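Please find below a short note on the structure, arranged as numbered points.

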Amino acid sequence: MAALSMTWSCSPLTSSKFRRVNRYSGMAFASVKSTEGLGNLPKVILTSPHGSEAELYLFGACVTSWKVDSKDLLFVRPDAVFNGQKPISGGIPHCFPQFGPGPIQQHGFGRNMNWSLVSSENVEEKPIATLELKDGPYSRAMWDYSFHALYKITLDKKTLSTELTVKNTDNKPFSFTTALHTYFRNVILIFDDFIRLRDVVTFPGFVDSVYLDAPNELQLDNGLGDKISIKNTNWSDAVLWNPHLTMEQSYKDFVCVENAKIGKVQLEPEQSWTAVQHLTVS
């Protein structure tokens with residue numbers, strides 16, 4: 001059952017028995033590689049020298065896979081479409097600049113626009129990819145503001161980190177709501193000491209719940225032998241979602257635990273907002 005809770009010596013080498021070898025032979029290195037994914041969509045693969053791997057699509061800046069010890073901890077729904085038209089259903093989709101329903105399309109446009117890979121680097125054996133999104137005719141048709149979003153993905157041995165920064169590049173203020181709609185593989189959740197209203201939250205059926213001012217770290221037991229820390233900075237809220245029988249083919253295989261900003265973020269011209277998420281498995 002799944003659960004989620006808050007809270008060398010050396011001496012001179014003089015012997016003729018020693019053989020000289022290339023000291024880098026067989027060593028693994030961190031890498032960021034651009035390739036083609038499903039539907040011929042551009043994809044980026046981050047590989048850690050420790051063996052972990054993450055995949056993300058430029059369409060929607062969607063992380064679709066995070067593997068540690070060859071085990072994928074994220075889930076992509078079987079009905080997911082990779083055609084560059086519809087949002088990718090699974091992994092870590094973006095909700096921006098609107099979470100949920102509202103005056104523009106459901107969950108905004110960030111998840112169904114093409115982002116650009118602006119940099120890749122290797123810092124202390126951690127592969128890092130940074131993507132950006134700017135306003136254009138498509139976004140302005142529904143949300144008439146100039147903005148610049150940067151999304152940095154960092155992979156470590158057992159941690160996947162994301163950093164989202166949104167900057168107002170317009171000459172007028174704007175506000176937005178946002179979330180990372182993370183699909184975790186095969187989980188049923190229990191929260192301990194969550195919002196102090198009850199000690200346990202279970203999934204008896206359809207669940208779509210918002211928790212305001214949630215703890216900045218949740219501990220998830222996914223029922224598959226993994227414990228995942230979901231830690232954040234500046235994502236003030238949490239959303240739990242499982243569609244139950246409305247998505248009968250896959251609802252038992254995933255649940256969404258979403259770091260979110262439900263209250264509006266107000267930005268004046270040239271102001272920016274940043275939020276960070278760290279997923280760590282043990």
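How many bridges join strand 5 to strand 6? The points below begin with the answer.

1. Strand 5 (residues 62–68) and strand 6 run antiparallel and are joined by 2 bridges. Two strands pair if DSSP finds at least two bridges between them; strands (E, at least two residues) are DSSP runs, numbered from the N terminus. Lys 67 stands opposite Asp 72 in strand 6.

2. This is a predicted model: local features need pLDDT of at least 70, side-chain atom pairs count only at pLDDT 80 or more, and totals for chains, interfaces and linings use all residues. Residues are numbered from 1 along each chain as its sequence is written, and side-chain values use heavy atoms, with hydrogens and water left out.

3. An open sheet is formed by 5 strands in the order 2-3-4-5-6, with antiparallel pairing. Strand 2 (31–36) and strand 6 (71–72) are the edge strands, each pairing on one side only.

4. In an unreviewed UniProt entry, the annotation "active site" covers His 181 and Glu 258; such annotations may be inferred rather than shown by experiment, and feature names are shortened, with positions in the numbering used here. The two residues are spread over 78 residues of sequence, yet they cluster in space, with a largest C-alpha distance of 4.9 Å.

5. His 181 lies in the loop between strand 12 (174–180) and strand 13 (183–185).

6. Glu 258 belongs to strand 18 (residues 254–267). Glu 258 is also buried, with a relative accessible area of 2%.

Note on methods
Helix = DSSP H or I, 4+ residues; strand = E, 2+ residues; numbered from the N terminus. Buried < 20%, exposed > 50% of the residue type's maximum accessible area, 1.4 Å probe, protein only.
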